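I opened this notebook page to keep track of what I looked up in the model, beginning with the strands and moving on to the helices and a few backbone details.

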Amino acid sequence: MSKHNSRREFLRHLGLSAAVAPFVMNSNSLGFAATPQRKQRLVIIFSPNGVFPDEFWPDEVGKDFKLKEILRPLEPFKNRTLIVHGVDDRVRGDGDGHMRGIGCLLTGIELFPGNIQGGSDTPAGWSSGLSIDQEIRNYLQNDPTTRTRFGSLEFGVMVPDHADTWTRMVYAGPNKPVAPIDDPYQMFQKLYGELKDRENFASVLDELQGDLETLRRAMNDEDRKLLDQQTTFVREFERQVADDSAAEQHVEPKLEPNIERQNDNMPKLTAMQIELLVHGFLNDFARVATFQITNSVGQPRMTWLGIDEGHHGISHEPDTNTEAVAKLVKINRWYCEQVALLARRLDETPEPGGDGTMLDHTMVLWTNELGKGNSHTHDNTPFVMVGAGLGFEMGRSLKLGGVPHNRLLMALAHGFGHRIDSFGNRDFCGDGPLLL
Amino acid sequence: MTWSRCFSYGLLVAVVSLATADVSARDGQTVFAESCATCHGEAGGGTDAFPQPLAGDLSVSQLAALVQETMPEDDPGSLSNDEARAVVEFAFHGFYSPVAKARSQPPRIELSRLTVRQHRQSLADLVASFVGTPNIGDERGMKGEYFPSRHFKDRVFERVDANIDFDIGSESPVAQMKDADQFSIRWQGSLLVSETGWHEFVVRTSQATRLFVNDNEHAIVDAWVKSGDEHEHVGRAYLLAGRTYPIRLEFSRNNQGVSDEKVHSQHEQLEKASINLLWKPPRGKLETIPSRAIAPDWSPEVFVCTTPFPPDDRSYGWERGTSISPAWDEATTTAAIEAAEYVATHIDELAKTTLSDEQRPAKIKDFCAAFVESAFRTPLDEAIREQYVDRHFAAAEQESVALRRVVLLALKSPRFLFREIDASGGDRNTAARLAYIVSDSFPPDWLSRQADEGKLTDESNRRLAAQRMLESRVARQKQREFLRTWLQIDGVVEMQKDVEQFPGFDETMVSDLRTSLELFLDELLSSETADYRELFLAQEIYANDRIVNYYGGETSDPRFLKYRLDDGRRAGMLTHPYMMAMFAHHDSTSPIHRGVFLARSVLGQTLKPPPDAVAPFAADLHPELTTRERVAMQTRPAACMTCHHVINPLGFALERFDAVGRYRTVERERPINDRGRYQPRNGDAVEFSGARELADYLAASSQVSEAFVEQMFHFMVQQSIAAYGVETKPKLHQAFISSGYNIRQLAIEIAVAASPIGREHDAESLANQP
């Protein structure tokens, strides 16, 4: 606070005029007590088919808890991890367990009736509401001080190339699913394409000028006028490119070229997406991101772990099949390693223009469409958070005993200062956001 | 059309010259100095008060009649016949006529950039030259494949469906499929497009559907998931006229999702099924895609550049690329980026390679060289290849980066953007000119080969080449675009009519009439004789039931067929309802609009813009006057008559066709007077009554066919015809007449004549040509 000599100067720094000062001083979110201008970010990571609960949830409650096999990769971040057991997805209605699992996970509201028949239950269509990441994105984009180039980025890895209820988690609104980008090169193009085009242009402009000069010399006076004009345009463009690249110094990840989008490349593709995500945040292209690993009912074959069957197939095996259980634990542990990799990369990167590391300003939330694969339950849906920045008390294991997950979604919004009084189906929002 | 809103007025003022005998034999120069120079300047160059130079294309007789009627402004009619004639002769040969003007400042072939149309077509062809070419037959409709399963397995039936508008209900659509509850259909083919711009597509169905247009992987409509009550799905695609595009529509009856039929049978609730595929092309209305716009044959994807460009200069009446602007330069940059992105994402297909191909880097480099060569319309010498291709592959770590740089540089290079920029290009330049003249795109490989073999210096070889090129769809489209320009229907056409006077003349009718007109042009251009006189003389038009019934006939056939309306009183395009309605006000005809069209487009006369924008007198304020009388009254002042003495009597001849183009014999209970007259450039004034007589005159008029030749030359070549030597126009005109006024033949002759001549040929060398 010492940087600001007066309250007025502080407000000016915030971009607020003196006229609104009295109002601001009465509001809770912007009073002096609140942390000023602290960047906040959210990443939601999805992995499919439920978990094996016995090797997932800690037995203990509170600060003193032990990480079990699946969550062990989070050991380095244990005091910045929050494990929330006892949160249930209560949304019912059309669609099978997996469809509702992914379609209601971030929306907290029913699917529309439709024509997609699941393995049981009635057929369904898309979600009837937007997802919490988009809600928060819209909130941040509406405020000039938190607005970013994209607002949110939707990553994926090995998401099947067809749009249906099982492959879409993010919704911009009712009936408006947002497709995740699961090709790192496509994401790179989205983030840096314009910049690269400018760079590429800059690298060829000398040649262009040279050739224009050669051609000009062979012209008669009348025709030369037109080429002179063209030469001027190119020169102006050159100056503009120079100005632009001086103004925007972006860091970009270096991607290994030509990695094909196929099952066995999943670890590489995942690591590339994580790099892109970290750099996207570093450049402040967005403050919200989702990362959807495959899809609900996802069938990755983790051959790199020595597992040749698809994940969903294995997840249906009874608990008595110890071989299958062992594989499920390995599979889920691999997902956890990806969460840990993201946390580590964020934690290795100093917060640009701020204090601490990027992880200190980012909440990573890992979740799933089911609580457990072979029962298709939505009770005890996994919610594991790593990081900081939303005002939650980290380094704890909680057992809440069965609260609707809408309240957890609300807590995320409230963490950003977006004080919504309900989200999704209102029936599940009683008692307000979870106090974490 | 500010022009049309201006009226000038009047009845012809009877000029009776009383002064004849005493003022004898003043010569033209003296008369000009004494009576004209004060306002018009010594050599007709204008003065501060009247800055517009005296220049135009009236003949000596036309100009003499005009001068006598209207000049000098302070005392019209004071010149004797001889004096008027003398002063006009002096002015005409001194500075007024195009020839005199050309003499003082000979037109030349100017350096030009690609026009917007040429730019888009060239980009499309650059990519297209690396994939297959479509082969569209005569059959129309979409190929339908029918499957007794949800997912296009085990095809049992195939046929061509004229268009996609099926009310399937609860039955199986074809006998071969027994199960009415579960089946899928895939329709495929090519879209035949005749407008450039965003085309909107709509699929209406309660079932699962996907629509792919010009992109076989990404659906523009993906409604495989049915959700809530949405039964209408919209997508859009930017398409270029004169090309064909792959289109695929997928349809699946019943629920989707898992393959377990037991689960399905527990939950299925069958609604009645239907499917309808519609589109709304630019300028069109939303309609079921008509079968004439789809063929069952295959087409490859086309790269279509969607970057908006500033419009080309049309100040001479035709699009040309002789000026550039920052907005244009910026658009070329954006277009280059768009093209580089497309090429980069499709590189494996274009360079015929795969990620695992060891030859991939080499193939991409070869692709780049071929791409640059096509873009520049010239073989790459070593220096150019090094500069535009090799250097970038040596410098960049990855071939993907080099590829983008090569494409960006090539498409920003003056060698791509400007026409025949290297004047030493020889026969390759001839090939490029020939291709751009005929089809607005760069030469195909076979034409470049002919150039390299030295064949194109020979006139008969150029004729054969032009003939072959003209067979392409893109070239045919250019012909169609020319006729649209000639008819002035190439821009945005607004046709709102008074609902009380013309009930039923709605958006659908306008769209039907446009279709009718386009069908006429298509038929004319593809017919054996391609006789331009049919534009004036045809008695039949294409019409569907709506048109026929509205225009006094009777039919219930919804197809567009040929009808002879109004007992043969109609005259080709002159009286086509679309034209009549376009050149009319919302509540009354406009002899002025019609007259201006006839004078400018058809007779090829230059009309100066009216001195003031004038709103036409409202019909209601003069209930006692016919339209003809009202127009005559308003354009009576001398300032108006300089042009309206030409315009009005032409437009009056079409008065029997009302503001929506219906035939009529009375207006306000008074008989129609459709007598008109015209003073041609050569010969005596002609008089005619009604559209047929006017049409007969125009079809036989040498002035009209000459104007047509000149306009077509300008549209195709985009340079002034005068820059090609004084003999070019009369030669082309003669060839046109000899061919029986064959429009296609004229296009070929224009290409034959203009393609060997470039900027390097100055007027002097042309004059000395044998």
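Which strands form the open sheet, and in what order? I found three strands in the order β4(A)-β3(A)-β10(B), with mixed pairing. I note that this is a predicted model, in which local features need pLDDT of at least 70 and side-chain atom pairs count only at pLDDT 80 or more, while totals for chains, interfaces and linings use all residues. Residues are numbered from 1 along each chain as its sequence is written, and chains are lettered from A and ligands numbered from 1 in the order in which they are written.

**Sheet.** For names I kept to DSSP runs numbered from the N terminus, helices being H or I of at least four residues and strands E of at least two; two strands pair if DSSP finds at least two bridges between them. I saw that β3 (residues 111–117) of chain A runs parallel to β10(B), joined by two bridges, and that A:Ile116 has B:Gln256 as its bridge partner. With β4(A), β3(A) pairs in the antiparallel sense over three bridges, and there A:Pro113 is partnered by A:Ala124. β4 (124–127) of chain A and β10 of chain B stand at the edges with a single partner strand each, so one side of each has no neighbour in the sheet.

**Interface.** I next looked up the contacts between the chains, where contact means C-beta atoms, placed from the backbone, within 7 Å. On this count 38 residues of chain B touch 37 residues of chain A. The largest share of the chain B side, six residues, comes from α11(B).

**Helix pair.** I then turned to α13 (residues 427–439) and α15 (residues 459–470) of chain B, which pack at about 40° with their axes 10 Å apart; axes are lines fitted to C-alpha atoms over the stretch in contact, and angles run from 0 to 180 degrees between N-to-C directions. Among the residues that make the contact are B:Leu434 and B:Val438 of α13(B) and B:Ala465 and B:Met469 of α15(B).

**Backbone.** I looked up a cis peptide bond between B:Met71 and B:Pro72, with omega about -15°, and placed B:Pro72 in the loop between α2 (60–70) and α3 (81–96) of chain B. B:Asp440, not a glycine, has a positive phi of about 60° and lies in the loop between α13 and α14 (445–452) of chain B. I noted B:Asp440 as buried because it has 26 C-beta neighbours inside 10 Å, the class being buried at 20 or more other C-beta atoms within 10 Å, exposed at 12 or fewer and partly exposed in between, with C-beta atoms placed from the backbone.

Conventions. Contact = placed C-beta atoms within 7 Å.
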